[in-house]
Amino acid sequence: MTDDEILAEFRAADALLQGHFLLSSGRHSEYYLQCARVLMDTARAGRLAAALAAKLPRDLRQAIDVVVSPAMGGVIIGHEMGRALGKPAIFVERPTGTFELRRGFAIDKGAKVLMVEDVVTTGLSSREAMEAVRAAGGEVVAEAALVDRSAGSVDLGVPFFPLVAINFPTYAPGELPPELAGTQAVKPGSRSAAA
Ligand SMILES: O=P(O)(O)OC[C@H]1O[C@H](OP(=O)(O)OP(=O)(O)O)[C@H](O)[C@@H]1O
Ligand SMILES: O=C(O)c1cc(=O)[nH]c(=O)[nH]1
Ligand SMILES: [Mg+2]
């Protein structure tokens, strides 16, 4: 799929939002990609996962033992990636603020893990999820995501395969541009404000 075709899927799902958003990292942005709206169409979710899986080198695809995603945003695309790759898909979640495996999920010692996210902005959530995977005994060999909002500038410490890379500017709370300053930010994601 071309970048234009992928962004057309986001527009068709009314998932490219404009306003004032507080992101998971604490940064602010005028734009938000609501991947949950893209993935609510199961055929579209399957199509995008197949396109993302096709971006992974063949030897990497074969080496992966398990797909792990950070909840909530990573769960659906992680599950679809597991289906596309023919691998099991599990997730980490943070009911107390730190990612952990629950629900009877476990990772075999040394298992090769593909981390799958919906969106990567600063990479903070990805790095936190990778810590949980390593603590559980897994080896993170790569990450895949629907969208890299850092337009290639983020370093996750492992090879990173986004379906599309976009540069939507983000701002620290004290550095808001005039069009955002003085407007109330909406926080669509589920990371607790305290985490
Ligand atoms: O690269 P980052 O700066 O960490 O930003 C991206 C993260 O933000 C969103 O999750 P969020 O924490 O909002 O919660 P959710 O997945 O539960 O919606 C998204 O799903 C990524 O996990
Ligand atoms: O950085 C984020 O929290 C974020 C940005 C975005 O565009 N979409 C999303 O789901 N999360
Ligand atoms: Mg998330």
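**Ligands and their pocket**

Tutor: Let's start with one contact: Ser-125 has a side-chain N or O atom 2.6 Å from an oxygen atom of ligand 1. That is a polar contact, meaning a pair of N or O atoms within 3.5 Å; within protein, one must be able to donate a hydrogen and the other to accept it, and residues adjacent in sequence count only if both atoms are side-chain atoms. Keep in mind that this is a predicted model, where local features need pLDDT of at least 70, side-chain atom pairs count only at pLDDT 80 or more, and totals for chains, interfaces and linings use all residues. Residues are numbered from 1 along each chain as its sequence is written, chains are lettered from A and ligands numbered from 1 in the order in which they are written, and side-chain values use heavy atoms, with hydrogens and water left out.

Student: How much of ligand 1 does the protein bury?
Tutor: Picture ligand 1 taken alone, when it exposes 490 Å². Such areas come from the Shrake-Rupley method with a 1.4 Å probe; for residues, only the protein chains shown count as cover. Of that area, the protein buries 92%.

Student: Which residue has a polar side-chain atom 2.5 Å from an oxygen atom of ligand 1?
Tutor: Ser-24 also has a side-chain N or O atom by an oxygen of ligand 1, at 2.6 Å. The 2.5 Å contact belongs to Thr-122.

Student: Which element gives the largest share of the shell around ligand 1?
Tutor: The shell has 18 residues, each with a heavy atom within 4 Å of the ligand. They divide into 5 nonpolar, 9 polar and 4 charged. The largest share, 4 residues, comes from S6.

Student: Where does ligand 2 sit?
Tutor: The protein covers 90% of the 290 Å² of accessible area that ligand 2 has on its own. Ligand 1 sits in the largest pocket, and ligand 2 sits in the largest pocket.

How values were computed:
1 Å grid on protein atoms, 1.4 Å probe; cavity = no way out; pocket = protein on both sides within 12 Å on 5 of 7 lines; lining within 4 Å. Sits in = over half its atoms within 2 Å of the grid points. Helix = DSSP H or I, 4+ residues; strand = E, 2+ residues; numbered from the N terminus. Nonpolar A, V, L, I, M, F, W, Y, C, P; charged D, E, K, R; others polar.
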